[in-house]
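Here is a short report on strand pairing and charged side-chain contacts. Look at the sequence and model first, then read on.

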Amino acid sequence: MSARTPVDVVIPTDRRHPFLYSAVQSARQQHNADVHVIVVDDGSSDAVWEQVESWSLPGVSVMRHNRNRGAGAARNTGVSLGSRPWLGFLDSDDLWPHHRTEQLVATAVSNDALLIGQQQIFDATGAPNPADSYSAVGEGTAMLAGAMLFPRTVMEALGPFDEDLVLGEFVDWMRVARDRAVREQHIRCVSLLRRSHAANITRTRVDAHRDYLTVIARARRDRGLSPEATSANTVKNNVPTQ
């Protein structure tokens with residue numbers, strides 16, 4: 001029997017009380033993986049902290065920010081609290097299939113590559129939503145943190161997520177990873193079950209386009225292009241939603 005994969009799973013949460021427990025359990029129940037779940041409550045105003053404190057689940061650590069600092073800061077806090085060689089990031093309203101970690105690692109050709117799987121979107125009924133353009137797994141993989149598995153050595157070499165970005169911090173981190181030619185391995189397995197609901201952050205944060213424009217401007221600047229040549233349509237067409 002192969003050794004279980006040691007992985008820290010960081011779950012940032014902010015006002016996701018109805019979904020959090022299911023997300024945590026989907027991370028804890030990864031097949032053939034030795035999982036440490038790190039929940040970071042980003043200063044939620046609902047009952048998240050009381051909920052998490054009452055669980056006492058084996059293999060789950062919790063930390064709370066005393067104020068809302070954003071997803072980047074919550075992820076950075078979670079990373080700092082772990083030490084395992086693999087890292088995963090799961091949004092608190094999403095789920096992981098039970099075999100995703102095992103499938104990603106089993107297919108890996110290198111222990112220094114970003115392992116990138118595919119996403120399946122599901123709706124409020126729990127069923128896949130065929131009307132959503134992101135629901136078809138198809139040939140492509142999902143450039144979303146929740147669909148990936150990260151070697152800790154790569155995370156530490158590239159540095160933390162930008163905490164000044166309210167949204168788009170992962171897209172910005174991937175920009176840096178690609179500029180530094182970090183190896184990527186795209187794997188045909190569903191590694192993220194992404195929940196579609198009315199409170200998705202890209203539907204509720206009016207500053208989303210602003211931060212994505214900032215990320216695109218940085219990318220253009222680093223390539224010697226004019227950073228001003230960006231627009232909301234550029235964001236819509238070129239940046240994956242989070």
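R64 is partly exposed, at a relative accessible area of 38%. Buried means under 20% relative accessible area, exposed means over 50%, and partly exposed lies in between (1.4 Å probe, protein chains only). The R64 and D41 side chains meet at 3.2 Å, N to O. This pair links distant parts of the chain: R64 sits in strand β3 (residues 60–65), D41 in strand β2, 23 residues apart.

This is a predicted model: local features need pLDDT of at least 70 and side-chain atom pairs count only at pLDDT 80 or more, while totals for chains, interfaces and linings use all residues. Residues are numbered from 1 along each chain as its sequence is written, and side-chain values use heavy atoms, with hydrogens and water left out.

**Salt bridges**

Side chains of opposite charge can pair when their charged atoms come close. A salt bridge here is a side-chain nitrogen of Lys or Arg within 4 Å of a carboxyl oxygen of Asp or Glu. The structure holds 12 of them.

| Pair | N to O distance |
|---|---|
| R64 and D41 | 3.2 Å |
| R69 and E163 | 3.4 Å |
| R75 and E169 | 2.6 Å |

Take R69 and E163, whose side chains meet in a salt bridge. R69 is in the loop between β3 and α3 (71–80), E163 in the loop between α5 (152–158) and α6 (169–179), and 94 residues separate them. R69 counts as partly exposed at 32% relative accessibility. E163 is partly exposed too, at 38%.

E169 forms a salt bridge with R75. E169 lies in helix α6 and R75 in helix α3, so the pair ties together parts that are 94 residues apart in sequence. Both E169 and R75 are buried.

A network of salt bridges links R4, D8, D34, R84 and R152.

**Strands around β1**

Helices (H or I, at least four residues) and strands (E, at least two) are DSSP runs, numbered from the N terminus. Two strands pair if DSSP finds at least two bridges between them.

Which strands pair with β1? One is β2 (residues 33–42), which runs parallel to β1 and is joined to it by 9 bridges. Here I11 has V39 as its bridge partner. The other is β4 (residues 86–89), paired with β1 in the parallel sense over 4 bridges. D8 stands opposite L87 in β4. D8 also belongs to the salt-bridge network.
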